[in-house]
Amino acid sequence: MSATHAIGDTVVLTGRSMRHITRSVDTIITTAIMPVAMMLLFVYVFGGAIDTGSVAYVNYMLPGILLMTVASGVAYTSLRIFNDVQGGVFERFQSMPIARSSVLWAHVLTSLVANVISLAVVLAVAVVIGFRSGASVLAWLGIAGVLVLFTLGLTWLAIGAGLSAKTMEGASAFAYPLIFLPFISSAFVPTETMPTVVQAFAEHQPVTPIVNTLRALIEQQPVGTDGWLAVAWCLGILVVAHALALAAYRRRSA
Amino acid sequence: MTATATAIRVEGLEKSYDELAVLRGVDLHVEQGSIVALLGSNGAGKTTLVRILSTLLRADAGTASVQGYDVAAQAADVRESISLTGQFAAVDEILTGRENLMLVARLRHLPDAGRVADDLLARFDLVEAGARKVATYSGGMRRRLDIAMSLIGEPPVVFLDEPTTGLDPQARTEVWASVKELAARGTTVLLTTQYLEEAERLADRIAILHEGRIIADGTLADLKQLFPPAHVEYVEKQPTLEEIFLAIIGAEQKS
Ligand SMILES: Nc1ncnc2c1ncn2[C@@H]1O[C@H](COP(=O)(O)OP(=O)(O)OP(=O)(O)O)[C@@H](O)[C@H]1O
Ligand SMILES: [Mg+2]
């Protein structure tokens, strides 16, 4: 199997799953609607009571909302894989003379595109309600890089979940704890305000350094060690999730 | 590549799911260009055998080769030589019929995917439905599209797992006609079925899979000879395949 075929096959299969998205735009809307609602709730209801110092609250909480958007977006990635497996399309591709990895990579690329669109929608709403940043192009590239890395890690988790799920609900259930994770982090309130045990958890889970990094980039502050921690967490999640997905993939043909 | 005219060769194939021994030493040879029907009741292991032959599942023991390529060691070569129509139609519901066909044509790296799709839509009587989402198709249309997708690229060996289950008589006759046409073009067809009539109508040879083994393998005439002669005296008509099937299975269970 030549490398050009592998790339060509991935492009063809990505075109196919992109059609699934363009023909059900509601998945993009549903992905964005929960984080947007959350954002409005926090900014207009709770935000006034939370002391974030000199940082505008909408700027403060946007990183957490963006991570939530990705977490709810990858639930659809998992669902698309599950539907392919359930409907037999997956096996049809597996029995064809195509690079087998392209079937999974097509879903990865589709997931990236879908999440980028959802993130753009959420960001646009944030701008409407007052989000402003003087971040440099370089800082924005850093923000995009971290978000893409985070999306990739969660996407591979979604692929493993979709491949091993027995039911449709099971396929997306893995995303719920991920959607919830930003609440017990530095995303919405400073961790110092939390009880000791909760604070210990909040400060040692991946969302906190990722949120801190994104926030520092938005506010043009030094990123510090959080930057390395964030990248390390994202890469760690990616490596582990990728291994889990491949294990789930191999179990299918055992 | 062996020089024989054997397209599919299965020897001593075994497969268990945990405790359940589904295949317990299957032997089967299918000649190039022939139609062989694999007959077996529910749960006999027909799908399991087809999935091993189409490189989707690994066997526990024994060997299997397609067009001379080992299904385990030369899986990529096997996939170049086959196409699989699984037991349940594997079509993309969100795409149109034409897009489904074009997708497969592109994945098989054929030059003119659009023309390939249009030809097959015409051949399978789907021209009108071609631009519609498959989600709106009837069971028979879905199955026809599914089979059409499997023929793209003209692979020399085609596996059809219960191709007519759930189809009305009209759709069934259409599928039968396409299978016959395939064999006429020299394609080797291995199809599984629970319908004895289907095996009788279509197949050059019939293999019966029962309790993990091929317990009978031959032409319809061969199998009719297996029918206990004592019974023949009491029936005026020729024994049907159904009677032969039940007689053979009955004999197996006693022994
Ligand atoms: N993935 C699996 N895990 C466990 N058991 C399985 C699995 N797949 C099949 N089986 C079992 O193996 C046996 C053979 O299944 P298989 O699907 O090959 O039969 P079949 O002849 O195709 O039946 P049918 O006519 O109903 O399609 C059945 O008892 C089935 O329950
Ligand atoms: Mg079956």
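Tutor: Let us begin with residues 62-82 of chain A, where the chain is 100% helix and 0% strand, with end C-alpha atoms 31 Å apart; please keep in mind throughout that this is a predicted model.

Student: And what about residues 227-249 of chain A, how far apart are the end C-alpha atoms there?
Tutor: In that span the end C-alpha atoms lie 33 Å apart, and the span is 100% helix and 0% strand.

Student: Which feature does UniProt place on those stretches?
Tutor: An unreviewed UniProt entry gives the feature "transmembrane region" for several stretches of chain A, including residues 62-82 and 227-249.

Student: OK, helix pairs next. At roughly what angle do H3(A) and H6(A) cross?
Tutor: The axes of helix H3 (residues 57-86) and helix H6 (residues 137-164) of chain A cross at roughly 35° and come within 8 Å, and the crossing is right-handed. Among the residues that make the contact are Leu66(A), Val70(A) and Phe82(A) of H3(A), together with Leu147(A), Phe150(A) and Leu154(A) of H6(A).

Student: And H10(A) with H11(A), is that crossing left-handed or right-handed?
Tutor: That crossing is left-handed. The axes of helix H10 (residues 207-218) and helix H11 (residues 225-251) of chain A come within 8 Å and cross at roughly 130°, and the two helices are therefore oblique to each other.

Student: Which residues meet there?
Tutor: On the H10(A) side they include Pro209(A) and Ile210(A), and on the H11(A) side they include Leu229(A), Ala230(A) and Trp233(A).

Student: Last one, what are the protein donors of the magnesium ion?
Tutor: The magnesium ion (ligand 2) has Thr47(B), through OG1, and Gln87(B), through OE1, as its protein donors, and they lie 1.9 to 2.1 Å from the ion. Thr47(B) lies in helix H1 (residues 46-53) of chain B, whereas Gln87(B) is in the loop between strand S6 (82-85) and helix H3 (97-107) of chain B, so the pair ties together parts that are 40 residues apart in sequence.

Student: How accessible are Thr47(B) and Gln87(B)?
Tutor: Thr47(B) has a relative accessible area of 26% and is partly exposed, and Gln87(B), at 25% relative accessibility, also counts as partly exposed.

Methods: Residues numbered from 1 in each chain as written. Chains lettered and ligands numbered in written order. Predicted model: local features only at pLDDT ≥ 70, side-chain atom pairs only at ≥ 80, totals over all residues. Heavy atoms only, no water. UniProt positions renumbered as here; feature names shortened; annotations may be inferred. Helix = DSSP H or I, 4+ residues; strand = E, 2+ residues; numbered from the N terminus. Donors = N, O, S within 2.8 Å, 3.2 Å for Na, K, Ca; no water. Buried < 20%, exposed > 50% of the residue type's maximum accessible area, 1.4 Å probe, protein only. Axes fitted to C-alpha atoms, helices over the stretch in contact; angles between N-to-C directions. Parallel < 35°, antiparallel > 145°, perpendicular 65-115°, else oblique. Left-handed = near helix turned anticlockwise from the far one by under 90°. Contact = heavy atoms within 4.5 Å.
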